Amino acid sequence: MIWLGAAGTAAAGPLKPSGFGELDCNGQSTLQTSVNRRLNCTDIRGFSTWTPNTWNGRFYDNGVYIGHDEPDMTFLSTAQGSGNNVTWTETLPRDPSAAPTVQHPGSDVSHWFELTAAPWFSMAMCDPNSYPQSSCTPLSDSNAPTCTPLQTSGCYAGGGSAFMELQLYPPGFPPFADSTSCNDSQWCAALTIDSLECTTGFATCNPGCEEPVNFAWIQTNGVPTGPP
């Protein structure tokens with residue numbers, strides 16, 4: 001559910017989703033028809049114990065397996081406060097001046113949109129409404145889970161956590177609503193925050209939007225293109 005409110009006023013109540021949108025990034029929402037059913041979330045590593053939402057450690061959304069693998073580079077640091085103060089510098093690649101070709105495998109001209117949908121940077125965020133739907137202590141290592149796929153009882157499932165990504169979309173394959181590019185000549189970027197509305201061990205999940213996602217384009221003036 002999404003609650004709307006303002007300082008000094010009572011919450012306006014739950015916001016009814018429109019008939020079309022991206023309420024659930026897997027496109028399996030029982031409340032809304034997805035605008036783009038190809039924008040599936042990444043695979044969730046579930047617990048090996050059987051529930052209606054997992055099978056052999058994989059995740060199902062309303063009975064449909066939705067996972068896909070993505071390559072990942074993980075950087076870990078034990079320095080105090082490093083999770084709150086990190087800077088990355090990435091040089092965006094330039095496509096060849098020649099148009100893409102497909103006649104000579106191994107030596108064809110390839111543009112970036114053919115190689116990857118979106119390179120991205122990610123970070124976990126506190127979200128008590130996200131898996132495992134428990135309280136989360138800001139700025140604390142106490143949120144780390146102690147449960148494993150082989151041990152689901154007598155352990156701590158961890159603080160509620162959402163997943164934030166800074167996604168970079170290459171040019172060459174627009175429009176974004178149907179494909180992966182904003183236009184034919186420019187890179188663009190967006191922030192996404194994915195939550196998971198399931199309880200510990202995926203025992204129960206919200207069938208209306210198991211993986212709701214918040215999405216916003218990054219603007220040079222800091223002003224979003226729509227409401228948060």
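**View 1. Tyr-131 sits buried in this predicted model, at 15% relative accessibility.** Buried here means under 20% relative accessible area, exposed means over 50%, and partly exposed is anything in between (1.4 Å probe, protein chains only). Phe-202 counts as buried too, at 3% relative accessibility. The ring centres of Tyr-131 and Phe-202 are 4.7 Å apart with planes at 20 degrees, so this pair is stacked. Rings of Phe, Tyr and Trp (its six-membered ring) pair if their centres lie within 6.5 Å; planes under 30 degrees apart are stacked, over 60 edge-to-face, and the rest tilted. Tyr-131 belongs to the loop between E8 and E9, and Phe-202 to the loop between strand E10 (188-194) and strand E11 (213-217), so the pair ties together parts 71 residues apart in sequence. Strands (E, at least two residues) and helices (H or I, at least four) are DSSP runs, numbered from the N terminus.

**View 2. Here's an aromatic cluster.** Ring pairs link up Tyr-169, Phe-176, Phe-215 and Trp-217.

View 3. Searching the whole structure turns up 13 aromatic pairs. Trp-120 lies in strand E8 (residues 120-126) and Phe-163 in strand E9 (residues 161-169), so they tie together parts 43 residues apart in sequence. Trp-120 is partly exposed, with a relative accessible area of 23%, and Phe-163 is partly exposed at 33%.

**Notes.** Residues are numbered from 1 along each chain as its sequence is written, and side-chain values use heavy atoms, leaving out hydrogens and water. As the model is predicted, local features need pLDDT of at least 70 and side-chain atom pairs count only at pLDDT 80 or more, while totals for chains, interfaces and linings use all residues.
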